[in-house]
Amino acid sequence: MPASHEDLPRPAVTDSQLIYFSSTSENTSRFVSKLGRQVARIPLYAKDAPLLATRPYVLVVPTYGGAGGEGSVPKQVIRFLNIPQNRQLLRGVIGAGNTNFGDNYCLAADIIAAKCQVPRLYRFELMGTPEDVTRVNQGLDTFWTRLSQTRK
């Protein structure tokens, strides 16, 4: 029997300006926690309540390795961005990756940026360095300030 709407968990709503996905490795999660900002995490499992953004946000996304870049964007992130409201509120992407992937380093952020027509703001490797944390925090402050000035 197909699942009815009553069987689906209600969306978890967030007004965070920084939304991220982290696999069970927790690398992206560890990096994002160092930023000291209010964040929301895209659910790891399909059975979990979907996340619904309520204000413009920047997405932090890791890249998964695959031959020729296939499967680079995590399925959970695709599911999240397939919700029209989430896609409309996306303002930029930050990529997490592993330079061992060569040309596919942070490819998921590039794919999402191109598909959703938003800028790729930054890339960092694995859990990031203290310098990455500083640069991302300063970059986000500048980004949101500029965005608020262009919207007026």
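The legends below describe several close-up views of a predicted model.

**View 1. Five strands are arranged as an open sheet with parallel pairing.**
The order across the sheet is β3-β2-β5-β6-β7, and its edge strands are β3 (40-41) and β7 (120-125), each of which pairs on one side only. Strand β2 (residues 18-20) is joined to β5 by three bridges, while six bridges join β5 to β6 (residues 90-97), and five bridges connect β6 with β7. Individual partners can be followed from strand to strand: Ile19 has Leu59 of β5 as its bridge partner, and Leu59 in turn has Val93 of β6. Further along, the bridge partner of Gly95 in β7 is Arg123. Helix α1 (residues 27-34) lies across β2, β3, β5, β6 and β7, and runs at about 165° to β2.

**View 2. Strand β5 (residues 57-62) is largely enclosed by the rest of the structure, because six of its six residues are buried.**
Both faces of the strand are covered.

**View 3. The largest nonpolar core has 23 residues.**
The residues with the most contacts inside this core are Ile19, Tyr57, Leu59, Val77, Leu90 and Ile112. At least two residues of the core come from each of β4 (51-53), β5, α2, β6 and α4, and α4 gives the most, with five residues. When neighbours within four places in sequence are left aside, Val77 is in contact with Phe21, Ile42, Leu59, Val61 and Ile112. Apart from this core lies another, of 17 residues, and Val58, Val60, Tyr122 and Phe124 are among them.

**View 4. Helix α4 (residues 107-116) has buried residues that are covered by both helices and strands.**
Buried in this helix are Leu107, Ala108, Ala109, Ile112, Ala113 and Cys116. What covers the buried residues of α4 includes the strands β5, β6 and β7, together with the helices α2 (75-81) and α3 (84-89). Just after the helix, Gln117 takes a positive phi of about 55°.

A disulfide is a covalent bond between the sulfur atoms of two cysteines. Cys106 counts as buried because its relative accessible area is 0%, which lies under the 20% limit.

**View 5. Asn137 is found in helix α5 (residues 130-150).**
Is Asn137 buried or exposed? Its relative accessibility is 17%, and because buried means under 20%, Asn137 counts as buried. With neighbours within four places in sequence left aside, Asn137 is in contact with Leu35 and Arg37.

Definitions and conventions. Residues are numbered from 1 along each chain as its sequence is written. This is a predicted model: local features need pLDDT of at least 70, side-chain atom pairs count only at pLDDT 80 or more; totals for chains, interfaces and linings use all residues. Side-chain values use heavy atoms; hydrogens and water are left out. Buried means under 20% relative accessible area, exposed over 50%, partly exposed in between (1.4 Å probe, protein chains only). Helices (H or I, at least four residues) and strands (E, at least two) are DSSP runs, numbered from the N terminus. Two strands pair if DSSP finds at least two bridges between them. Contact means heavy atoms within 4.5 Å. Axes are lines fitted to C-alpha atoms, for helices over the stretch in contact, and angles run from 0 to 180 degrees between N-to-C directions. A nonpolar core is a set of buried Ala, Val, Leu, Ile, Met, Phe, Trp, Tyr and Cys residues joined through side-chain atoms within 4.5 Å.
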